[in-house]
Amino acid sequence: MAASFLSSLTFRFALLSNLYFVKRRGGACCINYIRSCRPSFKIRNISLFPQSRPQRLCFSSSAIAQAGSSRSLDREELVVLGIETSCDDTAAAVVRGNGEILGQIVSSQADLLSRYGGVAPKMAEEAHSLVIDQVVQQALDASNLTGEDLSAVAVTIGPGLSLCLRVGVTKARRVAGRFNLPIIGVHHMEAHALVARLVDSDLQFPFLALLISGGHNLLILARDVGHYVQLGTTIDDAIGEAYDKTARWLGLNISKGGGPALEELAREGDSDSVKFKIPMRQYKDCNFSYAGLKTQVRLAIESRSACVDNNPISSASFQDRKSRADIAASFQRVAVLHLEEKCERAIQWAKEMEPSINCLVVSGGVASNQYIRSRLSYVVERNRIRLVCPPPKLCTDNGVMVAWTGIEHFLLGRFDQPPPAREPEDYVYDIRPRWPLGEEYLHGKSEARSLKRARMHPSLTSIFKSSAQQNN
């Protein structure tokens with residue numbers, strides 16, 4: 001009797017929930033309503049984005065995936081707001097399910113970067129807080145939509161700076177709560193990888209991705225949405241960090257970013273003038289290291305007596321500028337050679353695991369660098385695969401990549417139910433400052449990295465694998 005009553009209650013809840021989604025979301029979710037009348041549709045208490053608090057009910061991804069096989073979902077009616085605040089850019093965008101970008105806004109903190117010589121977490125948090133409402137509203141205005149027209153809200157929940165992530169998550173939950181919208185937690189690095197599928201409709205899984213930014217260097221094998229194998233990562237500093245520090249040491253104007261400034265100066269220099277050593281050549285893996293190269297650069301500046309302290313490049317003499325340009329060009333050549341060598345090995349590893357791979361995606365803020373793109377184009381030609389690079393405005397942090405990744409997950413049924421319109425003051429937000437993307441490939445494991453796992457969240461891939469096992 002009790003079991004029968006519980007089954008009836010679960011059925012009625014599923015029916016009412018899906019009737020609501022049919023009314024609000026249109027045909028894209030009608031299949032959920034149909035399947036609520038069949039035993040294979042399940043309601044469960046475990047979210048695909050688990051948090052350290054009691055869970056809201058969430059629809060089973062396996063049930064929705066099975067439902068999708070019976071008829072294609074109407075992507076045209078799906079409209080997602082994406083919010084990104086993981087580091088130093090406040091961004092929001094509205095994207096339709098078919099990939100149409102309806103509106104996007106990015107508020108840069110370049111002035112703070114220039115003033116503090118890098119990202120100052122507390123200052124960055126305050127800057128996000130000052131503009132987040134305006135940025136989201138401007139994205140909606142640019143798309144000629146309101147919150148009532150949205151299907152869901154996607155927001156970056158990690159990895160990144162915890163203070164900055166909290167600003168975006170708080171805003172996303174307020175919007176979702178006000179308009180009773182599902183919310184999708186997005187992995188920042190997955191968003192960089194998947195945005196390539198928005199700009200290149202021919203890009204199918206599996207593919208290899210090199211994700212390079214100020215804080216990350218990742219080589220991953222992307223097998224599906226939420227399913228990644230980490231082939232390599234940095235054991236210390238990322239390439240973007242090395243570019244920024246070198247640009248600052250050379251006295252460049254970094255108001256628009258250290259990377260672009262250094263790339264511009266490097267065009268004037270001789271890339272063979274300074275003999276920097278290529279990092280980690282003795283290790284036959286796909287991991288990166290840029291800390292040692294940074295030290296070499298600093299020593300080269302001191303040995304050449306380059307007058308860079310309190311002497312910006314704009315005030316440098318002809319000979320001084322030439323010396324700085326040579327250092328910049330030599331640094332860039334070796335930094336990118338390091339990328340090339342690791343990508344060559346990663347392509348071979350990826351082909352051993354997935355022989356059908358024919359694409360290398362290069363994304364992240366540093367992927368805007370034209371020298372890097374040109375050098376990696378030779379790598380893919382040698383290995384008979386093609387190079388896919390999002391346009392520069394979609395390589396740097398942006399709301400489009402977050403919204404698009406939210407769409408990819410939403411169509412697989414991976415989302416949380418709408419949050420309450422008013423959350424308690426002691427509510428604990430789900431943010432993941434240290435959050436690996438994929439599971440480490442056995443040959444790519446680094447002993448140095450294994451010592452840095454304190455307070456690290458389980459990888460995105462392991463979360464989805466665990467959820468799939470529980471569904472079965």
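Reader: At what angle do helix 10 and helix 11 pack, and how far apart are their axes?

Author: Helix 10 and helix 11 pack at an angle of about 165 degrees, with their axes 11 Å apart; the axes are lines fitted to C-alpha atoms, for helices over the stretch in contact, and angles run from 0 to 180 degrees between N-to-C directions. Angles over 145 degrees count as roughly antiparallel, and helix 10 and helix 11 are therefore roughly antiparallel to each other. This is a predicted model, in which local features need pLDDT of at least 70 and side-chain atom pairs count only at pLDDT 80 or more, while totals for chains, interfaces and linings use all residues. Residues are numbered from 1 along each chain as its sequence is written, and side-chain values use heavy atoms, with hydrogens and water left out.

Reader: Which residues of helix 10 are buried?

Author: Buried means under 20% relative accessible area and exposed over 50%, with partly exposed in between (1.4 Å probe, protein chains only). In helix 10, the buried residues are Leu293, Lys294, Val297, Ala300 and Ile301. Seen down the axis of helix 10, these buried residues fall within an arc of 120 degrees, so they line one face of the helix; the arc is that of the directions from the helix axis to the C-beta atoms. On the other side of helix 10, Leu299 and Ser303 are exposed.

Reader: Which residues in helix 11 do Leu293, Val297, Ala300 and Ile301 meet?

Author: Contact means heavy atoms within 4.5 Å, and these four residues of helix 10 meet Ile327, Phe331, Val334 and Ala335 in helix 11. What covers the buried residues of helix 10 also includes helix 8 (239-249).

Conventions: Helices (H or I, at least four residues) and strands (E, at least two) are DSSP runs, numbered from the N terminus. Angles under 35 degrees count as roughly parallel, over 145 as roughly antiparallel, 65 to 115 as roughly perpendicular and the rest as oblique.
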